[in-house]
Amino acid sequence: MSVNKMAVVGCGTMGSGIIQVAAQTGIEVVGIETNEAAAERALNRINAGLDATLKRGKITEEQAAKAREVFSITTDLGAVASSDIVVEAVFEDVALKNDILGRIDKLVGPNTFIASNTSTIPLVILAAATTRPERVVGLHFFNPVPAMKLVEVIKTPVTSEADVTAMVELAQRMGKSPVVVNDVPGFVGNLLITPYLNDAIRALERGVAPMESIDEVMMLGFNHPMGPFRLADLIGLDIVHDMGASIYEETRDPKYFPPIMLKQYVRLGWLGRKTGRGFYHYDV
Ligand code: NAD
């Protein structure tokens with residue numbers, strides 16, 4: 001089944017990026033947000049994203065203009081109804097995602113795919129919130145979506161090979177390099193990156209070195225494009241926290257348990273780049 005119409009529920013950091021890339025691909029896409037102010041922010045973010053991609057020479061003026069024509073943002077969840085695929089990208093909260101997926105399930109046709117961009121929540125938990133578990137898959141885009149090539153395509157024990165192929169083809173059409181992964185907490189990327197970020201924060205808590213030095217070691221010594229503190233700020237500290245908490249919940253492996261400093265920053269609303277303050281300060 002080919003995907004020509006997409007809906008994205010939750011148009012924050014990830015949802016906006018997914019909408020931008022889908023629109024650039026020529027897929028008709030509608031984004032759904034909670035209120036007018038959030039919808040306006042999403043609209044501005046997507047237009048700014050298209051401007052930036054155009055400026056970098058990755059798309060032509062014509063492609064950017066076409067992309068702006070095929071996407072829209074609304075606050076009406078009912079807009080998902082005619083989609084071939086609905087991509088859920090709300091906060092990393094099981095109860096919220098289950099509620100949304102249950103509502104989407106009632107609004108779309110029986111063949112519509114419901115994909116989640118979850119970082120860590122097992123897809124089978126989300127699939128169980130719907131009447132179509134075999135059509136619920138993970139499409140795990142990476143941040144920033146327009147720039148990052150990887151999409152983890154998460155299959156569960158009830159996903160058919162044909163549906164895996166359809167998701168791989170969709171990701172490729174969107175210019176991405178999909179990797180098919182089984183439904184384990186954290187998949188591959190976050191299974192490996194979460195303990196690394198937690199260890200960096202614990203090293204800072206123990207006074208091993210200032211965060212700038214820890215970042216420098218990982219950049220100069222291991223050729224990482226950015227160190228763990230810049231990376232955590234880019235991902236969003238609430239997301240880093242929730243990824244660890246969610247994988248810990250499933251595995252009880254202490255290396256995933258969120259460090260105290262991370263918990264404090266999240267409670268203070270220091271969520272990284274998106275709020276102007278995380279480990280570092282940013283202009284917003
Ligand atoms: P975000 O906080 O930037 O955006 C979430 C958006 O969801 C907000 O704009 C919020 O208003 C909206 N939302 C909340 N409830 C909603 C509802 N009922 N209906 C419609 N919209 C609703 O978060 P994000 O960083 O974009 O993360 C979204 C998902 O993607 C999470 O599951 C996260 O784990 C995952 N993810 C994040 C990253 C990352 O680096 N930030 C990377 C990969 C995957």
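## Around the ligand

Helix 4 gives the most to the shell around the ligand, supplying three residues. Keep in mind as you look that this is a predicted model. Helix 4 spans residues 94-107, and along with helix 1 (13-24) and strand 6 (136-141) it belongs to a trio of elements that each supply at least two residues of that shell. In total, 23 residues surround the ligand, and the closest are M14, E33, E92, K97 and S119.

What kinds of residues make up the shell? They divide into eleven nonpolar, nine polar and three charged.

Let's zoom in on some oxygen atoms of the ligand. Start with E33: a polar atom of its side chain lies 2.5 Å from a ligand oxygen. Then there's K97, where an N or O atom in the side chain is 2.7 Å from an oxygen atom of the ligand. With M14, it's the backbone that takes part: one of its N or O atoms lies 2.8 Å from a ligand oxygen.

How much of the ligand's accessible area does the protein cover? On its own, the ligand has 840 Å² of accessible area, and the protein covers 89% of that.

Which residues make the contact? Helix 8 brings M211, I214, D215 and M218, while helix 9 brings P228, F229 and R230. Sort the residues of this contact by type and you get five nonpolar, no polar and two charged.

The loop between helix 8 and helix 9 holds N223. Check its backbone: N223 has a positive phi of about 60 degrees, although it is not a glycine.

The peptide bond leading from N143 to P144 is cis, and its omega is near -5 degrees.

## P178 and its contacts

Last stop: P178, which sits in strand 8 (residues 177-182). What does P178 touch, once you leave aside its neighbours within four places in sequence? It is in contact with V151, V153, V168, A171 and Q172.

Note on methods:
Residues are numbered from 1 along each chain as its sequence is written. This is a predicted model: local features need pLDDT of at least 70, side-chain atom pairs count only at pLDDT 80 or more; totals for chains, interfaces and linings use all residues. Side-chain values use heavy atoms; hydrogens and water are left out. A residue is near a molecule or strand if one of its heavy atoms lies within 4 Å of it. A polar contact is a pair of N or O atoms within 3.5 Å; within protein, one must be able to donate a hydrogen and the other to accept it, and residues adjacent in sequence count only if both atoms are side-chain atoms. Accessible areas come from the Shrake-Rupley method with a 1.4 Å probe; for residues, only the protein chains shown count as cover. Helices (H or I, at least four residues) and strands (E, at least two) are DSSP runs, numbered from the N terminus. Ala, Val, Leu, Ile, Met, Phe, Trp, Tyr, Cys and Pro count as nonpolar, Asp, Glu, Lys and Arg as charged, and the others, Gly among them, as polar. Contact means heavy atoms within 4.5 Å.
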